[in-house]
Amino acid sequence: MFLDKITTVSDEFDNDLAGVKALKNLEELRIKYLSRNGIVSGLFEKLKDVPKEEKPAIGNKLNALRSYVSDNFNKVKIKLEEEGIGANKKIDLTLPGSQRQLGSKHILTQTVDEIKYIFKGMGFSTFEGPELESDYYNFEALNFAPDHPARDMQDTYFVAKDYLLRTHTSPVQVRVMKNYKPPIRAIMPGRVYRSEAVSARSYCMFHQVEGLVIDTDITFAELKGTLVFFAKQFYGSQLKYRFRASFFPFTEPSAEMDITCYICGGKGCKICKHTGWLEILGCGMVDPNVLINCGIDPEKYRGYAFGMGIERTAMLKYNVQDIRIFFENDFRFLKQF
Ligand code: DAH
């Protein structure tokens, strides 16, 4: 009786399996035969009613049935899956191709490249230095005494007692002066870090370009001539400019350079805080103490230096209102440049 039932189920399964044309039907078949409430489990359930002496033989048959059903089921499943993959692989040559977006240089890289290009035309080479600096290069060699209040001008990320993320590119000046003999004519672009509250105007990381010129007959007039030439090339030849006296520990005298606000043409607007002027860089004659720290004789050589923020420069030139957008990699912003 029971053995006949097993044979019937086996035949019925063969029949059903032969009729399966798609994976969906196969799933119906799995539920019918192999699920917890399926036919095969049902037969195993009935095994408990079989007389004891017949149990081993029938149990064997049932196990064989279960293997038979699941093996054949899997064979058909694999076959159907492979056919499915094959079908997906077929290429429809009439479909339009997918559009690839072309990348471009980030606007900050473009800005640095343009600055480098202008200074290259005036005989400046480019140097780079480490972003992880020692206190010595970032402050001490640049004439910041250990308790100098000017250290507070730049909120510093310290990494260890005497090591920090550089707060400006000026330490590269020191490295260049220590490693090369004058005459020196160099610009030094790079990333800098300050522990500042992030806002539309300031970010914890940004970029600067530093400049340094050392020679025997350098004057403040040359500094002005060089920077005015740069500003006119970069911002446009119509601009007006002014130099204001300022203070930096590593330059004496020190100045800041302003240009007329080209958003409002000098009339006064939100961007220039209604002054008509925009500050674009700091500069000055290299302090003799710095020359001495770098092994250069201040009796024989003089020099000037300058530093400008790249984000600030790009924000002014392209009227970008929020510094954070440079670092968000938003495609809608990037592709405008
Ligand atoms: N290091 C200064 C800063 O981060 C900028 C600067 C000012 C650099 C005057 C110079 C300089 O080389 O001469 O604010």
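What is the volume of the largest pocket? In this predicted model, the volume of the largest pocket is about 830 Å³. Its lining comprises 35 residues, and those nearest the centre of the pocket are R194, F206, Q208, E279 and G309. At least two lining residues come from each of β6 (205–215), β8, β9, β10 and α10. Of the contributing elements, β9 gives the most, with six residues. Classified by residue type, the lining of the largest pocket contains 17 nonpolar, 10 polar and eight charged residues.

Helix α8 itself covers residues 220–235, 16 residues in number. The distance from the first C-alpha of α8 to the last is 22 Å, close to the 22 Å expected at 1.5 Å a residue. Buried positions in α8 are L223, T226, L227, V228, F230, A231, F234 and Y235. An α-helix has 3.6 residues a turn, so residues three or four places apart point the same way. Just after α8, G236 adopts a positive phi of about 120°.

At the level of the whole chain, the domain assignment gives domain 1 as residues 2–88 and domain 2 as residues 107–334. The centres of domain 1 and domain 2, taken over C-alpha atoms, are separated by 79 Å.

Methods. Residues are numbered from 1 along each chain as its sequence is written. This is a predicted model: local features need pLDDT of at least 70, side-chain atom pairs count only at pLDDT 80 or more; totals for chains, interfaces and linings use all residues. Side-chain values use heavy atoms; hydrogens and water are left out. Domain bounds come from an automatic or database domain assignment. Helices (H or I, at least four residues) and strands (E, at least two) are DSSP runs, numbered from the N terminus. The expected span of a helix is 1.5 Å times one less than its number of residues. Buried means under 20% relative accessible area, exposed over 50%, partly exposed in between (1.4 Å probe, protein chains only). On a 1 Å grid over the protein atoms alone, a cavity is a set of points where a 1.4 Å probe fits but cannot get out, and a pocket is an open set with protein on both sides within 12 Å along at least five of seven lines; lining residues have an atom within 4 Å of a point. Grid points are joined across faces, edges and corners, and a volume is the space filled by probe spheres set on the points. Ala, Val, Leu, Ile, Met, Phe, Trp, Tyr, Cys and Pro count as nonpolar, Asp, Glu, Lys and Arg as charged, and the others, Gly among them, as polar.
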